[in-house]
Amino acid sequence: MKNNKPLIDQVALVTGASSGIGRAIAMAMGNAGAKVAVNYVSSEEAAYRVVHDIKLSGGKAMAVRADVSREDQVRAMYEEIVNEYETIDILVNNAGVQKDSNFTDMTLEQWQRVIDINLTGAFLCAREAAREFIHRGVVPERSKAAGKIIFISSVHEVIPWAGHVNYAASKGGIMLLMKSIAQELAPQKIRVNSIGPGAIKTRINRAAWETPEAEADLLRLIPYGRVGDPDDIGKVAVWLASDESDYITGTTIFADGGMLLYPGFATGG
Ligand SMILES: NC(=O)c1ccc[n+]([C@@H]2O[C@H](COP(=O)([O-])OP(=O)(O)OC[C@H]3O[C@@H](n4cnc5c(N)ncnc54)[C@H](OP(=O)(O)O)[C@@H]3O)[C@@H](O)[C@H]2O)c1
């Protein structure tokens, strides 16, 4: 049973699960046997559709609204989940936004909103999760770890990105947030890792793939020759949350079709 349902009896919170990568992760976690809390902030209907789809394939799920950048709302979200499912075993910090602008025109509002959601939101959700994991401890029938935290970072935790400095700074910040939490919480049997997606087809980057010309341009950055699908990330997230990856903590797994391989050097340099 545990082989094809590696997350059976575990509870997973996926932030920003109403769309794109978060939706795919929530579906994959549901298929792997987890009870899934589907977080959203504005897309209520879409979040309930995800819950419906998970239930349709035999899983358990609930929708929970919270702006991850708001401490009071994050606390209330955890209370709601613990009331319904008793505890939380897995947090996927996926909620994220882009507010693009060239650097000299970037407003403080554009800077702050991206940092608030992508970085502070990830901190707030991780802190609540860690408190619950430590309070509960390891339950060996469910998992070897007391809990697992997965950040959805980006190749831009490494690759600088002109015109997107707020976004790149938020993802660079996530890298050391993730590693520092991993270092601090490993003795308590909490595993903390990131997934760094390359270009995945979602609404956040629609302009980069929606016309054949744009997609051809994008493919020049991807040695493996295809734009990623949200399911590519869902599969990695399930594995990172499962005991199959029990000895992995404090690392980023890049799922990017080779975007980080400096494709310009394949023919130049
Ligand atoms: N797509 C890519 O190529 C790519 C590459 C690297 C990394 N990523 C990362 O992957 C993550 C998901 O992005 P995506 O591409 O799937 O984008 P998306 O389709 O736009 O989804 C973003 C999700 O974040 C939620 N969200 C936004 N602000 C929130 C807030 N304040 N509180 C709670 N939820 C909030 C949205 O909820 P509502 O719908 O309710 O507003 C939505 O569910 C982001 O962290 C992004 O940086 C994406």
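Q: How is the lining of the second largest pocket made up by class?
A: Classes sort the residues by type, with Ala, Val, Leu, Ile, Met, Phe, Trp, Tyr, Cys and Pro as nonpolar, Asp, Glu, Lys and Arg as charged, and the others, Gly among them, as polar. In this predicted model, the lining of the second largest pocket has five nonpolar, one polar and three charged residues. The residues that line this pocket are Ala-145, Ala-186, Pro-187, Lys-189, Ile-190, Arg-191, Asp-246, Tyr-247 and Thr-249, and the space within the second largest pocket comes to about 180 Å³. The structure is a predicted model, in which local features need pLDDT of at least 70 and side-chain atom pairs count only at pLDDT 80 or more, while totals for chains, interfaces and linings use all residues. Residues are numbered from 1 along each chain as its sequence is written, and side-chain values use heavy atoms, with hydrogens and water left out.

Q: How many cavities of 30 Å³ or more does a search of the whole structure find?
A: On a 1 Å grid over the protein atoms alone, a cavity is a set of points where a 1.4 Å probe fits but cannot get out, whereas a pocket is an open set with protein on both sides within 12 Å along at least five of seven lines, and lining residues have an atom within 4 Å of a point. Here the search finds one cavity of 30 Å³ or more, and the volume of the largest cavity is about 60 Å³.

Q: Which residues line the largest cavity?
A: The lining consists of Thr-15, Val-68, Asn-93, Ala-95, Ile-117, Asn-118, Gly-121, Ala-122, Ile-152, Lys-171 and Ile-174. By class, the lining of the largest cavity has six nonpolar, four polar and one charged residues.

Q: What is the volume of the largest pocket?
A: A volume is the space filled by probe spheres set on the grid points, which are joined across faces, edges and corners. For the largest pocket the volume is about 1100 Å³; 47 residues line this pocket, and those closest to its centre are Gly-96, Gln-98, Tyr-167, Thr-202 and Ile-204. At least two residues of this lining come from each of H1, S2, H4 and H5, and the classes are 22 nonpolar, 19 polar and six charged.

Q: Where does the ligand sit?
A: The ligand sits in the largest pocket (more than half of its atoms lie within 2 Å of the grid points). Helix H1 (20–31), strand S2 (35–40) and helix H5 (165–185) are the elements that give two or more residues to the shell around the ligand, and the residues of this shell divide into 15 nonpolar, 14 polar and three charged.

Q: How far is an oxygen atom of the ligand from an N or O atom in the side chain of Thr-202?
A: The distance is 2.5 Å. A backbone N or O atom of Gly-198 lies 3.3 Å from an oxygen atom of the ligand, and for Ala-66 a backbone N or O atom lies 3.5 Å from a nitrogen atom of the ligand.

Terms used:
Polar contact = N/O pair within 3.5 Å; in protein donor to acceptor, adjacent residues only side chain to side chain. Helix = DSSP H or I, 4+ residues; strand = E, 2+ residues; numbered from the N terminus.
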